[in-house]
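Work through the exercises below with the structure open. Try each task before reading its solution.

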Amino acid sequence: MARAWPKTSRRMAFAAVSAATASLAAASLVTAPRPRAVVPLLGGSAAWHFQSWRAITDQVRGGVSTARLVAAESGDDPRARFEGTLDPSKLNAGFAGVNLDVSLLPEKISELSGLQVDVFETDGREYSLLVKLKGAESGSSYQV
């Protein structure tokens, strides 16, 4: 589940976890030390919008890697699983990820002070969460 907190404090604590995962990478940016309200953005009471996630892979450069976000069996709590294949056979390198338009989220990201992604399973590999700024120079992003 991805959750975020409304802006309430000027003091920020940052914790990043590079996670190997089959169910999501994890990173947290939270306000501290005050308690905060949690706003579900994806999962829990908020939709995952599985049909709206777009694959971003090395296929744009002639590669053959694949990526997708799919629903994972989890009982009552909806979860997502990243699936993909990194195949460096064509380019001697590869990349694979997924992207969601933030306009589909129930809250504006600019109104929040933190972001948390819960990890439910790992596959022993290291993944990154990439956040891009609207209107920023092409290629500008934050990676945790």
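A charge sits over a ring if NZ of Lys or CZ of Arg is within 6 Å of the ring centre and within 35 degrees of the ring normal. Keep in mind that this model is predicted.

**Exercise 1. A charge over a ring**

Task: Find the ring over which the charged end of R79 sits.

Solution: 
- Start from the charged end of R79, which lies over the ring of F120.
- Then read the distance to the ring centre: 3.7 Å.

**Exercise 2. The fold in outline**

Task: Work out how many helices and strands the protein chain has.

Solution: 
- The protein chain has 0 helices and 11 strands.
- Next, take burial: 30% of the 144 residues count as buried.
- Turn to contacts between residues at least 6 apart in sequence: 65% of them join residues at least 24 apart.
- Finish with the accessible surface, about 9,400 Å². Carbon and sulfur atoms hold 50% of that area.

**Exercise 3. Aromatic pairs**

Solution: 
- Take W48 and F50, whose centres are 6.0 Å apart with 20° between the planes. Planes under 30 degrees apart count as stacked, and this pair is stacked.
- W48 has 5% relative accessibility and counts as buried. F50, at 25%, is partly exposed.
- Now take F82 and Y127: 6.1 Å centre to centre, 75° between the planes. This pair is edge-to-face.
- F82 lies in strand β7 (residues 79-85), while Y127 is in the loop between β9 (112-117) and β10 (130-132), so the pair ties together parts 45 residues apart in sequence.

**Exercise 4. Salt bridges**

Task: Which residues are linked in a network of salt bridges?

Solution: 
- The structure holds 2 salt bridges.
- E83 pairs with R68, with the closest N and O atoms 2.7 Å apart. E83 is in strand β7 and R68 in strand β6 (residues 66-72), so this bridge ties together parts 15 residues apart in sequence.
- E83 also meets R81, at 2.8 Å from N to O.
- Join the bridges: R68, R81 and E83 form a network.
- E83 has a relative accessible area of 22% and is partly exposed. R68 is partly exposed at 49%, and R81 is partly exposed at 28%.

**Exercise 5. A surface patch**

Task: Identify the residues that make the nonpolar surface patch of about 260 Å².

Solution: 
- The patch is made by I56, V60 and F95.
- Locate I56 in strand β5 (residues 54-57).
- With 33% relative accessibility, I56 counts as partly exposed.

Conventions: Residues are numbered from 1 along each chain as its sequence is written. This is a predicted model: local features need pLDDT of at least 70, side-chain atom pairs count only at pLDDT 80 or more; totals for chains, interfaces and linings use all residues. Side-chain values use heavy atoms; hydrogens and water are left out. Helices (H or I, at least four residues) and strands (E, at least two) are DSSP runs, numbered from the N terminus. Buried means under 20% relative accessible area, exposed over 50%, partly exposed in between (1.4 Å probe, protein chains only). Contact means heavy atoms within 4.5 Å. Accessible areas come from the Shrake-Rupley method with a 1.4 Å probe; for residues, only the protein chains shown count as cover. Rings of Phe, Tyr and Trp (its six-membered ring) pair if their centres lie within 6.5 Å; planes under 30 degrees apart count as stacked, over 60 as edge-to-face and the rest as tilted. Patches are made of residues with over 30% relative accessible area and no salt bridge: like charges are joined within 9 Å, nonpolar side chains (Val, Leu, Ile, Met, Phe, Trp, Tyr) within 5 Å. A salt bridge is a side-chain nitrogen of Lys or Arg within 4 Å of a carboxyl oxygen of Asp or Glu.
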